[in-house]
Amino acid sequence: MSDPSQPSSAAHVRLGIVMLCHNELPRAAKLAQVWAAGGAVVAIHIDANAPADEVATLRADLAGHEDIVYSRRHRCEWGAFSLVRATQDAAALLLDRFEDITHVMVVSGSCLPLRPVADLRAFLARHPTRDFIESVTAADVGWTVGGLNEERFTMRFPFAYRRHRKLFDRYVALQRRWKFRRHIPEGLVPHLGSQWWCLTRPTLHAILADRRRPEFDRYFSRVWIPDESYFQTLARRHSTQIESRSLTLAKFDGQGKPYIFYNDHRQLLEESGCFVARKIWPNATGLFAHFPRPLIGEASAAEPQPERVDRMIGQAVARRKLGRPGLYMQSRFPRKDAENGKTSGSYAVMQGFSDLFPDFEEWLADRIDADVHGHVMSKHGVEFAGRMPIGPGGLSDSAALRDLDQRGFVANLIRISQREQIVQYSPRDSQDLNWFMATDPNAQIFVITGAWAVPLLHSGMPFDDIRRVAAKLQRIELAQIDILNSVWLKARTRVWDLGDFCSRPSGVMRNILRDLGGEPAAAANLPQMREIAGMGRFLQRLRNAGLRPQLMGEFPVADTMPKKENI
Amino acid sequence: MLLVRAIRRRRRLRPVADRTKRIRRSDILLFMTIRNEKIRLPYFLEYYRRMGIQHFLVVDNGSDDGGLEYLAEEPDVSVWSTHDSYKASRFGIDWINWLLYRYGAGHWCLTVDPDEFLIYPHHDSRPIKALTDWLDASTVKSFSAMLLDMYPKGQIAAQPYLEGGDPFQIASWFDPANYTIRKNGEYWNLWIQGGPRCRAFFRDNPEQGPALNKIPLVRWERSYVYVSSTHMLLPRSLNVVYDEDGGEKASGCLLHAKFLSTFETKSAEELERRQHYSDSQEYMAYHSGLQESQDFWCDESRRFEDWRQLENLGLISKGNWA
C-alpha cells in the first residue's frame with residue numbers, strides 16, 4: 001500500500017463503476033461508454049421494470065466492450081431494499097470478475113462525469129486508502145425527508161412510500177403511538193448518507209463477505225430507504241479511513257428531491273471541479289455534449305470545489321422555504337405572522353407632527369435622506385410626496401384601490417422604493433394596519449398623542465361638532481396606543497403627549513432626526529408651529545361638555561382662548 | 001356541473017381541422033379561443049413552438065378575417081369552429097373545458113388567449129418541458145402565471161402592429177409594483193388586481209377591475225375544470241399555487257399584448273357585441289378612455305428587459321428552481 005503523502009500515479013487505480021439504470025437507457029449506454037473509455041470497468045444494473053426493447057438496444061450498443069458487464073436484474077422500488085441488492089450484486093460481480101479493481105463507485109444512469117475519468121483516478125491514487133462515503137450518525141443527520149431519521153432503523157415499513165402514502169403515514173403514526181421498536185443488530189451504529197459512494201476494494205469486500213451479512217441483510221431489508229444507510233452503516237464497521245463526503249455532486253432542493261441541472265448550469269458545473277454531477281435533466285443535450293471535459297495533458301487530482309453550487313442551491317432552498325421578506329405576490333402570500341418579514345425595509349410612521357407643523361413634510365424632507373409622504377392612509381386618498389397622482393411602483397393615489405389590499409400597498413411602497421419611506425399618520429386615517437405596523441420590526445413609530453386636537457382648536461367648527469369629532473378621534477387613538485403598549489410590539493416606538501412635546505419641541509425633534517439618520521443639529525430651526533395658546537381652555541371646554549381628554553397631557557386651564565391674530 | 005355544461009357544449013363545436021391523432025403521450029398542449037385575431041397568430045404560434053408546445057387546440061368563434069383558414073393549414077394545429085355566443089359559453093371556457101376533458105387528460109396543458117405570452121423563470125434557456133418535468137418531479141399539478149399588462153410609451157395606437165412582429169417591441173412597458181392581492185375563501189385562489197388598467201380606469205370602483213391572477217398551466221385530469229376563465233379551477237387545491245408560510249413557489253407571468261394599435265378596432269367591435277365580462281364594462285371604460293387618446297405610460301413604468309427583472313421585482317419567482 002502506498003503512502004498517501006506520495007501521490008502515486010493514476011495507473012495504480014483501477015476503477016469499477018456500479019451503474020444503476022432505471023430509464024433513459026440510451027443515455028445510460030452513452031455514459032457507460034464514457035466510463036469505459038476513461039479506463040473504468042462498468043457493471044450495469046438494469047431495473048427489471050425497464051422495457052425489453054430498450055434493454056436489447058442498450059446491450060447491442062455496448063456489445064464488444066469487455067469492460068462492461070451486466071449484473072443480475074432486480075425489480076427496484078424507491079425506498080426498498082432491492083436497490084441495495086442490485087448494488088451488492090453489481091459490486092460483487094466487479095470484485096470477482098476483475099481482480100485488479102482497487103475502487104468501486106456507484107453512479108446512476110443520470111450521473112454525468114464532469115471531469116476526465118483520469119482525473120478521478122488520479123484523485124483516488126492520491127488517497128488510495130480512503131473510503132469516500134458520506135456517513136452521518138442517524139441521530140445527528142436532520143436532513144432527511146419526512147422527518148424520519150432514527151426511526152428508519154427502528155420501525156417497520158411494509159407499505160411503499162410513493163404508492164401507498166396514506167398507509168405508510170398511518171403505520172408510522174401507529175408505531176410511534178405504541179412505541180414500537182425494532183431491535184438493531186448488535187455492533188451496528190445506524191449511519192445515513194448519500195448512496196453515491198466510492199469505496200476501496202478492501203472495505204467493500206469486507207462488507208460483502210461479512211460473516212453476519214445474512215443477519216444484516218435481513219435487518220436492512222426492513223429499514224426504510226436502505227440505500228442511504230446500508231453501506232453507510234457497514235462501512236463504519238469495516239473501513240479504516242472514512243472520508244465522510246460524496247465525490248458525486250448530488251444536492252437536494254429542500255423538498256427531498258434531487259436538484260436538477262440544465263444547459264444553463266454549464267459554466268457553474270465546470271467551475272465546480274466536481275467529478276460527477278447529478279441529476280442532469282435528460283434533455284440537457286448541451287451538458288451531455290460538453291461533459292466530461294477531455295483530458296488535456298496530465299490528469300489532475302485537484303480537489304472539487306462545489307462551494308458556488310452549494311451557495312446557489314442554498315439560496316434556492318431559502319427562497320422556497322423563507323422567501324423574500326415583505327414580498328406579497330402570486331406565489332407567496334403568507335398568513336398573518338408567518339410572513340418572515342412583514343416588510344422589506346425600514347420605514348417611519350409619524351403621528352401628530354403634521355397637525356402641529358403645517359409644513360412638516362417639506363421641512364423633514366430637506367433634512368434626511370428619505371421619501372417623506374403625507375397621510376398615505378388618509379380616507380380621502382393617498383398623499384404621496386409632492387402629491388403625485390401616481391406614486392412609487394405605479395401605486396395609485398386612489399383610496400379605494402389602496403383599500404383593496406392595504407398590507408400589499410404598504411409592502412409595495414417600501415419594497416419598490418430605493419430610499420426609506422416616511423409617512424404621516426393620524427387617527428383620522430384608516431386604522432386597519434395598526435397591528436401590522438406595531439408588530440413589524442422594520443417600523444419606527446413616533447406619536448404625539450392628542451396632537452389631532454390642534455387643528456380642531458383652529459377649525460372654527462361649531463363646538464358640538466368639535467366635541468363629537470374629538471370624542472371619536474380620542475377613542476381611535478386610545479385603541480391605537482393600547483396596541484403600541486401590547487406585549488407583541490415589535491416596532492420601535494416613541495410616544496409623547498402633546499403637552500410634553502410642546503414643552504421641548506426642539507429636543508424631541510433632535511432625537512427623531514438622529515433616529516432617522518439625519519443631522520440632529522438641523523432641528524434647531526423648527527418649522528412654523530401652529531398656535532397652541534388656548535389649548536388649556538379648549539380642553540376645559542371639552543371637559544365641561546362631558547368629555548375627558550386623556551391624551552393631550554398637561555395644559556394650564558387659565559390661559560385664554562386663542563386670539564384671532566394667533567390663528 | 002361545470003363539466004356537464006362543457007360536455008353538452010361539445011356538439012356546438014364543428015371540427016375544421018382535427019389533427020389530434022398526432023398528439024403523442026408526452027406532448028405539451030396549448031388551448032385557446034380566438035375571434036378575428038389573424039394578425040396575431042403568426043408570432044403567437046412561432047413564440048410557443050419555440051417554447052416547446054407540440055400541439056395547438058383552438059376554438060374559432062366566428063372569425064371572418066381568415067384566421068380560421070390560416071390555422072387550418074398549420075400542421076400542429078387542430079381547430080374547431082362555433083358561432084355560438086361567447087358570453088353564453090361563459091366567455092368560451094365551456095368550449096375549452098370540453099377540449100381539455102377530451103384531449104388534455106394526462107398532458108400538461110397551457111390555456112391562454114392569443115394576446116398572452118407565457119414567461120417563466122429560465123424560459124430563455126430551458127424549454128417548457130424542463131419546467132413541466134420539474135413540476136412533475138415536485139408533484140406540482142398547476143403553475144401560476146399572473147397577467148402583466150404591457151403598453152407602449154405614448155398613445156396606444158401610435159405605432160401600428162404588423163403581422164408577425166414582436167408585440168413587445170411596441171408594448172414594452174409595465175407597472176412594477178401596484179398589484180393588490182386578496183384571497184378568495186371559497187375557491188382558495190388569489191384575486192390579483194391592479195396594474196395600468198386599474199389605475200387608469202377603475203380607480204373609483206376597483207372591485208370592477210380585471211382579475212390578473214391566472215393558472216394557465218395544468219397537468220390535466222378528467223376531473224378538472226376551469227371555473228372562471230383561467231383564474232381558478234376545481235378541484236380547488238389546484239388554486240393553491242402560493243405558499244402561505246412565507247416561502248415562494250415558482251411562478252411565471254403572462255405578458256399581455258392587448259394594448260396595441262389593434263386594440264381600438266377590437267374594443268369598438270367588442271363593445272358592439274357586448275359579449276364580454278360584466279357587459280363589457282372593461283371595454284366601455286377603455287373605449288371612453290381611448291377616445292381621449294389613452295396613454296398608460298407614467299414615470300414609474302418600467303421597460304421590460306427579461307424574466308430576471310420580473311423576478312427581482314417580485315412579480316414572478318424561481319421558487320427552488322434555480
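Does A:Asp369 count as buried or exposed, and why? A:Asp369 counts as exposed because it has 10 C-beta neighbours inside 10 Å; the cut-offs are 20 or more other C-beta atoms within 10 Å for buried, 12 or fewer for exposed, and partly exposed in between, with C-beta atoms placed from the backbone. This is a predicted model, in which local features need pLDDT of at least 70 and side-chain atom pairs count only at pLDDT 80 or more, while totals for chains, interfaces and linings use all residues. Residues are numbered from 1 along each chain as its sequence is written, and chains are lettered from A in the order in which they are written.

**Around A:Asp369**
- A:Asp369 sits in the loop between α14 (360-365) and β14 (370-375) of chain A; helices (H or I, at least four residues) and strands (E, at least two) are DSSP runs numbered from the N terminus.
- Leaving out residues up to four places away in sequence, A:Asp369 touches A:Arg419 and A:Gly517, where contact requires C-beta atoms, placed from the backbone, within 7 Å.
- A:Gly518 is 149 residues from A:Asp369 along the chain, and their C-alpha atoms are separated by 7.3 Å.

**Domains of chain A**
- Chain A is divided into domain 1 (10-321) and domain 2 (347-530), with bounds from an automatic or database domain assignment.
- The centres of domain 1 and domain 2 of chain A, taken over C-alpha atoms, are 61 Å apart.

**Contact between chains A and B**
- In chain B, 50 residues are in contact with 48 residues of chain A.
- On the side of chain B that touches chain A, two or more residues come from each of α5 (128-137), β10 (179-183), β11 (190-194) and α7 (195-201) of chain B.
- The largest share of that side, 5 residues, comes from α5(B).

Definitions and conventions: Contact = placed C-beta atoms within 7 Å.
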